[in-house]
Amino acid sequence: MNKEKVIFAFFIVLAMTLNFGFFLGEIDNADHHNVYEFYAALVVSMICTVLKFGDRTHLGALMLATSLVADLQLVVVAIIWGYAEQISTTGMDAHMMASVVSLAGGALLANVISVILLVVETVLVRR
Amino acid sequence: MNNVFYILMRRLRMPLITLIVVYSVSVLGFVLIPGMDDQGQVYRMDFFHAFYFVSFMGSTIGFGEIPYAFTSGQRMWAMLTIYSTVIAWLYGIGSMLSIFQDPAFSRLLRRRRFAAQVAALNQPFYLVCGYGVTGGIVVRKLAQRDIRCVVVDIEEAQIDALQMDNLPMPMPCLAADASLPDVLDDAGLQHEKCIGILALTNRDNVNLAIAIASKLLMPKRMVICRTESDVTTANLDSFGTDLVVDPFQTYAEYLALSVQAPYTHLVYDWLLNPSHRPLSSAYQRTRGRWIICGYGRFGRALCSRLIHDEVELIVVDDDPPEHNGLSEQIHGIGTEACTLRAAGVEDAVGIVAGTGNDADNLSIMMTARELNPRLLTVVRQNVHANRLVFQNSRSDFIMEPGRIIANRIMAQIKTPLLPVFLTLMLERYDDVWAHTLLNRMSSVVGNQELDSWAYTLDEEQTPALMLALAEGKPLKLSLFLKDPRDRQQSLKAFPLLLRRGETLMPLPGELTLLEQGDEILFCGLSRAAGRMDWTVSNYNVLHYVLTGSDDSNNLLARWLHRRENRG
């Protein structure tokens, strides 16, 4: 067992599960989407990105790319959320919530691809 | 490809993760800890404000407690997070700085910068491997001629020396092993602007590796190589190296020439060496007994050159005669008077101090001169740092390998016509012819450096002449020699050789008519070369030189001139 591999896989899968948990629920219902869960998803996703730094293989480059996509989507979600709560006059309405959740759904897709790549790598390396 | 970037990323993994964790925990703490608003109600900070607060706190800006004054609980958390964020930042910045100071990393950076500099070169350049004595002279001479070089040397100290040398233009340089093909590739071996590769390191094996690599990758490119053994010379010649310079052979040839034909030797010397020997040195007697001290590479080369002539050779060497394969040999180093007397120094004409030790060589020369003051002395200098002593030794010839190779290579680089002329002179002409030529050279340059340069009559080198030829004007060779400032004066130069197709015309007359494609070799002061450039590339100047009228040659002037003629 390789400790580094465990940590790596742990964070990648955790990023996906947290993201999935946040995405679950009615798309425009703010009660179904927990802000803390979103926060955890964002932080774990960022840690994932840093963990993927410096891998020179082709697969490594793909993993980094998917992670960057997830980060980008989640950061945009955070900005929209902050805008809705603090700046917008209407507050967090159904419309805003829908766009937040749909963007998080995009990030989820990127995270899923990331996990698939992880599985592919594991299968290729059979050790 | 992006080595540097990957290393940076990998080394920064830990600091970045620490930073993210510390920030996220701090933000979470502020969201979870209850605060109090100005009405005394319980207030929970949201993520937006928490992130705002941690951002300015972490960077130690400190805008104060927002949006409401903190409770004691919040203050305690803030205290903790202030220290942890500052430590996280210090850790991150510290590791970044340590990466930049890491020698391996900075070597990588320098290599990348060097490769980028070379790739960006858009002028023709030479790739010089080895910046020792030879490399230093060649690079400096090339720089004077506005030709760029890319320098690779294995010693960091030599590269530093290059940067301190105050060359007129910046030269990309790298401290690396030039025998590695990827280093050569970074240094522009396959660059389209690279004119030639000069392998001048002091190790034959490295030079061989450079020559082979460049001949394999770029078969058409000129390769000039220095070597010190016959085996390597044969090896280099076998795969078509353009010029192989062996300092010992070259110098032996040069010395032998001075014995056989003193004036031809002087012409050769004037054309090749920047500081030439005085005309009077040709009157010295050179035929008779020569003593050669040291039967190493130099001694052997010299013996094989001189053995054909009317000279008696006495070899003085430390090794037993059987080892050297000589029937007659005086045993000893040559530094003692008794050994030299045994060799017959009193009635010898010359002595060659050619051992591998500088102190021995100087001692041999001093002792010999004491015994016979009229002796011609040739002394071999092995270490460049001893230059001052050797220069003041009043020896007739100083043989310094680095300088010899540099001069020979510069002759090749200046113009390929010069070696052609020298071979022609050695094959076809006698010493009397050389004496006349020498007098002419002497009247042109006096004691200054005799430079040589060549023109090919084509669009690139002589656009003005091509224009005039296209107009059908007959052009004589004499136009080159008129001063473009005042055509009554002539430039301090004269033509040495004209090559037209296969025919070679040495010392062509001034009335020779020029044709397209002619190659002309000139010698004279380098000042004259600059003036000549003017004549051949500027049509107006050429017009003045040919006719004496310095009208401007624009459209208006031509139109007016035509009207004038008509009227």
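Biologist: In chain A, what share of the contacts with a separation of 6 or more comes from residues 24 or more positions apart?
Modeller: In this predicted model, residues 24 or more positions apart account for 70% of the chain A contacts that have a separation of 6 or more.

Biologist: And which pattern does chain A follow along the sequence?
Modeller: Reading along the sequence gives α-α-α-α for chain A, with four helices and zero strands in that chain.

Biologist: How much of chain A is buried?
Modeller: Chain A has 127 residues, and buried residues make up 33% of them.

Biologist: Switching to the contact between the chains, how many residues does each one put in?
Modeller: Chain A gives 13 residues to the contact and chain B gives 12 residues. On the chain B side, α1 (3–11), α2 (13–32) and α3 (47–58) each supply at least two residues, and the largest share, six residues, comes from α2(B).

Biologist: What kinds of residues are on that side of chain B?
Modeller: The side of chain B that touches chain A divides into eight nonpolar residues, one polar and three charged.

Biologist: Which element of chain B has the lowest mean pLDDT, and which the highest?
Modeller: Helix α14 (residues 321–324) of chain B has the lowest mean pLDDT among the elements of that chain, at 70, while α2(B) has the highest, at 93. Over chain B as a whole the mean pLDDT is 85, and 96% of its residues reach 70 or more.

Biologist: What ipTM and pTM does the predictor give the complex?
Modeller: The predictor gives the complex an ipTM of 0.82, together with a pTM of 0.70.

Methods
Residues are numbered from 1 along each chain as its sequence is written. Chains are lettered from A and ligands numbered from 1 in the order in which they are written. This is a predicted model: local features need pLDDT of at least 70, side-chain atom pairs count only at pLDDT 80 or more; totals for chains, interfaces and linings use all residues. A residue is buried if 20 or more other C-beta atoms lie within 10 Å of its own, exposed if 12 or fewer, and partly exposed in between; C-beta atoms are placed from the backbone. Two residues are in contact if their C-beta atoms, placed from the backbone, lie within 7 Å. Ala, Val, Leu, Ile, Met, Phe, Trp, Tyr, Cys and Pro count as nonpolar, Asp, Glu, Lys and Arg as charged, and the others, Gly among them, as polar. pLDDT is the predictor's confidence in each residue, from 0 to 100.
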